[in-house]
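Subject: Structure handover and notes

Dear colleague,

I am handing over the structure below, followed by an account of what was found in it. Please read the notes with the coordinates open beside you.

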Amino acid sequence: MAELAALEDPTARAVNERHGDDHGVTLSKLRALAKRLKTQQELACRLWETDDTAARLLALLICRPKAFEGAELDAMLRGARTPKVHDWLVNYVVKKNPHAEELRLAWSADPDPVVASAGWALTTERVAKKPEGLDLAGLLDVIEAEMKDAPDRLQWAMNHCLAQIGIEHAEHRDRAIDIGERLEVLKDYPTSPGCTSPFAPVWISEMVRRRQGETVA
């Protein structure tokens, strides 16, 4: 904890706090520290218990993802106060855990929109990597009905799933693009030069174009 405190950078904290993350350690320094520590599950658990954002991010980098029980991960997600901790927990730990599918189903139906957003993130992972058994048309029905008025974090996760369905599954592409065009979610989101817009119709079209270009090449 003393070492993390010494890595505190006021400029980094100011940037992070604009995104809801209350820590001032740059991610490159966190990753360098994690590389030195290597995997240490007991230390990771102790760091998580501090409730300090930088310590929790470090914990997620040095933990053993498959070592957690489903109930532990559920409690961790509900206690993850900041967006970066939430995202890293889902992407670096839950996705690699054997309880990921049962958590996906439980979280997707949760009344808490932040918890539900984690369920949608896991669904997006399955859309891309293991779509067998998913009702893609049914997912599009839910997105069409609920995404427009969903809270920010949940809306973002549903939009990512919409785009992924359109990118990965040609048979649903036209409908995914149509839903995005009608709902106009993230249509005016500011996008840096060289980056792809998160507006689903643009996102889908750009990724499909790139893949087709790679195929031709």
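Valine 127 has its place in helix H9, and in this predicted model it counts as buried, because its relative accessibility is 0%. Not counting residues up to four places away in sequence, valine 127 touches Leu134, Leu136, Leu139, Cys161, Gln164, Ile165, Glu168 and His169. Arginine 182, by contrast, is 55 residues from valine 127 in sequence and 22 Å from it in space, taken from C-alpha to C-alpha.

The largest nonpolar core has 33 residues, of which Leu58, Leu60, Leu73, Leu89, Val94 and Trp107 touch the most other members. At least two residues of this core are supplied by each of the helices H3 (27-37), H4 (41-49), H5 (53-62), H6 (70-79), H7 (83-93), H8 (100-108) and H9 (113-129). The largest share, seven residues, comes from H5. Another core lies apart from this one and holds 28 residues, including Val127, Ile143, Ala163 and Ile165.

A search of the whole structure finds two aromatic pairs. In the pair of tryptophan 88 and tyrosine 92, the ring centres are 5.1 Å apart and the planes stand at 40°, so the pair is tilted. Both residues lie in helix H7, where they are four residues apart, about one turn of the helix. An α-helix has 3.6 residues a turn, so residues three or four places apart point the same way.

Helix H10 (residues 136-146) has its own buried residues, namely Leu136, Gly138, Leu139, Leu140 and Ile143. What covers these buried residues of H10 includes H9, helix H11 (152-168) and H12.

Which side chain of opposite charge is nearest to arginine 173? Arginine 173, which lies in helix H12 (residues 173-183), is buried yet has no salt bridge, and the nearest side chain of opposite charge is that of aspartate 174, at 6.7 Å. The side chain of arginine 173 does, however, reach the backbone oxygen of isoleucine 167 at 3.1 Å. Leaving aside neighbours within four places in sequence, arginine 173 is in contact with Gly166, Ile167, Ile204 and Val208.

Turning to the charged pairs, the structure holds 20 salt bridges, and three of them are described here.

Glutamate 125 forms a salt bridge with lysine 95, with the closest N and O atoms 3.3 Å apart. Because glutamate 125 lies in helix H9 and lysine 95 in the loop between H7 and H8, the pair ties together parts that are 30 residues apart in sequence. Both partners count as partly exposed, glutamate 125 at 24% relative accessibility and lysine 95 at 26%.

Aspartate 141 forms a salt bridge with arginine 175, and here the closest N and O atoms are 2.6 Å apart. This pair links distant parts of the chain, since aspartate 141 is in helix H10 and arginine 175 in helix H12, 34 residues apart. Aspartate 141 counts as partly exposed at 44% relative accessibility, and arginine 175 is likewise partly exposed, with a relative accessible area of 28%.

Glutamate 184 forms a salt bridge with lysine 187, for which the closest N and O atoms are 3.4 Å apart. Glutamate 184 counts as partly exposed at 40% relative accessibility, as does lysine 187 at 43%. Finally, salt bridges that share partners join Asp141, Glu144, Arg175, Asp178 and Arg182 into one network.

With best regards

Note on methods
Residues numbered from 1 in each chain as written. Predicted model: local features only at pLDDT ≥ 70, side-chain atom pairs only at ≥ 80, totals over all residues. Heavy atoms only, no water. Core = buried A, V, L, I, M, F, W, Y, C linked by side-chain atoms within 4.5 Å. Buried < 20%, exposed > 50% of the residue type's maximum accessible area, 1.4 Å probe, protein only. Lys, Arg positive; Asp, Glu negative; His and termini not counted. Salt bridge = Lys/Arg side-chain N within 4 Å of Asp/Glu carboxyl O. Polar contact = N/O pair within 3.5 Å; in protein donor to acceptor, adjacent residues only side chain to side chain. Contact = heavy atoms within 4.5 Å. Phe/Tyr/Trp six-rings, centres within 6.5 Å; stacked < 30°, edge-to-face > 60°.
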